[in-house]
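Subject: Structure for you to look at

Hi,

Here is the structure I promised to pass on. Please open it next to this email and follow along.

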Amino acid sequence: EDGEDSIMYPGVHKANPDAIWLEYVHHDASPMDQQILEWKTGYNGKPVLSTNDIARKLGITAGAVSQRASKLSERINEGHDLGDKL
């Protein structure tokens with residue numbers, strides 16, 4: 001029988017909760033924080049840059065980049081905490 005129920009989609013895998021949470025954090029962040037997240041982690045295929053390079057590109061201090069990255073990291077870690085409670 002060739003009904004819709006018999007269709008299999010190759011390459012479809014179970015969603016990774018960490019990847020979904022990272023996508024949520026990125027989407028929810030300000031444009032500057034999105035760039036910091038991308039350059040710190042390589043998210044969205046961006047090159048990983050040092051804190052000083054990110055600061056130069058954004059026109060802010062390295063301390064400001066570190067502070068924003070720390071808040072992003074805390075937000076990302078909230079997703080891990082949620083997963084641990086399930």
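Below are notes on its aromatic rings and its salt bridges.

Before you start: this is a predicted model, where local features need pLDDT of at least 70, side-chain atom pairs count only at pLDDT 80 or more, and totals for chains, interfaces and linings use all residues. Residues are numbered from 1 along each chain as its sequence is written, and side-chain values use heavy atoms, with hydrogens and water left out.

Aromatic rings

A pair of aromatic rings is described by the distance of the centres and the angle of the planes. Rings of Phe, Tyr and Trp (its six-membered ring) pair if their centres lie within 6.5 Å; planes under 30 degrees apart count as stacked, over 60 as edge-to-face and the rest as tilted. Searching the whole structure gives 1 aromatic pair. The ring centres of W21 and Y24 are 5.1 Å apart and the planes sit at 35°, so this pair is tilted. Both residues belong to helix α1 (residues 17–28), 3 residues apart, about one turn of the helix. Helices here are DSSP runs (H or I, at least four residues), numbered from the N terminus.

W21 counts as buried, at 19%. Y24 is partly exposed, at 38%.

Salt bridges

Side chains of opposite charge can pair when their charged atoms come close. A salt bridge needs a side-chain nitrogen of Lys or Arg within 4 Å of a carboxyl oxygen of Asp or Glu. How many does the structure hold? There are 5. Here are some of them.

Look at D28 and R75. Their closest N and O atoms are 4.0 Å apart. D28 is partly exposed at 48%. R75 is also partly exposed, at 25%.

R75 forms a salt bridge with E78 too, with N and O 2.5 Å apart. Salt bridges that share partners join D28, R75 and E78 into one network. R75 and E78 are 3 residues apart in helix α4, so about one helical turn separates them. E78 is partly exposed at 35%.

Now find helix α3 (residues 51–58), where R56 and D53 lie 3 residues apart. Their side chains meet in a salt bridge, 2.5 Å from N to O. R56 is exposed at 60%, and D53 is partly exposed at 31%.

Best wishes

Terms used. Helix = DSSP H or I, 4+ residues; strand = E, 2+ residues; numbered from the N terminus. Buried < 20%, exposed > 50% of the residue type's maximum accessible area, 1.4 Å probe, protein only.
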